Amino acid sequence: MIQKIDHIGIAVTSIKEALPYYRDILGLEYTDTQEVAGQKVRVAFLKIGESRIELLEPTGPDSPLAKFLEARGAGLHHIAVKVSDIQASLSDHKKAGLKLIDDEPRMGAHNMKIAFVHPKATSGVLLELCQRP
Ligand code: ZN
């Protein structure tokens, strides 16, 4: 049911400052930047093999990501796994009594259905389940 690591999310204070390293030094292909209004973040997408690195920047001081950066600084924010059926995956988590951040899928960037699993369920990693449209 899990198909691959879809992307790794990295929290940054500024995409403008963070992007040159990933694009110019690592040589990753930058594709686009999108704003995800529901999460108050702006996301820059870079291809790395069949996966992506996403640089996440808060769009305002009230963004949950701004609070994350304040508490922990820039760094690894989440790992996203691509699933074939996000509803089935969420119900597996619920049946096992695992803590979820999202009980139901919501819309992420690129029209993906996403849902976050609480780090308490995953040994400390914020995990995102995502299903492509
Ligand atoms: Zn993500």
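1. How many salt bridges does the structure hold? This is a predicted model, and the structure holds nine salt bridges. Across the interface of domain 1 and domain 2, however, the rule finds zero salt bridges.

2. Among the salt bridges is that of Glu 54 with Arg 52, whose closest N and O atoms are 2.8 Å apart; Glu 54 is buried, and Arg 52 is buried as well. These two residues also belong to a network of salt bridges that links Asp 6, Arg 52, Glu 54 and Arg 132.

3. Arg 23 is joined to Asp 24, with the closest N and O atoms 2.8 Å apart; Arg 23 counts as partly exposed because its relative accessibility is 33%, and Asp 24 counts as partly exposed because its value is 48%. Asp 102 forms a salt bridge with Arg 106, the closest N and O atoms being 3.0 Å apart; here Asp 102 has a relative accessible area of 10% and is therefore buried, whereas Arg 106, at 29%, is partly exposed.

4. His 7 counts as buried because its relative accessibility is 1%, and His 78 counts as buried because its relative accessibility is 3%.

5. The domain assignment of the protein gives domain 1 (8–76) and domain 2 (83–133), with C-alpha centres that lie 20 Å apart. Six residues of domain 1 are in contact with nine residues of domain 2, and the area buried between the two domains is about 550 Å², of which carbon and sulfur atoms give 47%. On the side of domain 1, Gln 34, Gln 39 and Arg 52 lose the most area to domain 2, together accounting for 63% of what that side buries. Arg 52, named here, is also the salt-bridge partner of Glu 54.

6. For aromatic rings, the count by the rule applied comes to one aromatic pair. Tyr 21 and Tyr 22 form this pair, which is edge-to-face, at 5.2 Å centre to centre and with 85° between the planes. Tyr 21 is partly exposed because its relative accessible area is 43%, while Tyr 22, with a relative accessible area of 17%, is buried.

Note on methods:
Residues numbered from 1 in each chain as written. Predicted model: local features only at pLDDT ≥ 70, side-chain atom pairs only at ≥ 80, totals over all residues. Heavy atoms only, no water. Buried < 20%, exposed > 50% of the residue type's maximum accessible area, 1.4 Å probe, protein only. Phe/Tyr/Trp six-rings, centres within 6.5 Å; stacked < 30°, edge-to-face > 60°. Domains from an automatic or database assignment. Contact = heavy atoms within 4.5 Å. Buried area = accessible area lost by both parts, 1.4 Å probe. Salt bridge = Lys/Arg side-chain N within 4 Å of Asp/Glu carboxyl O.
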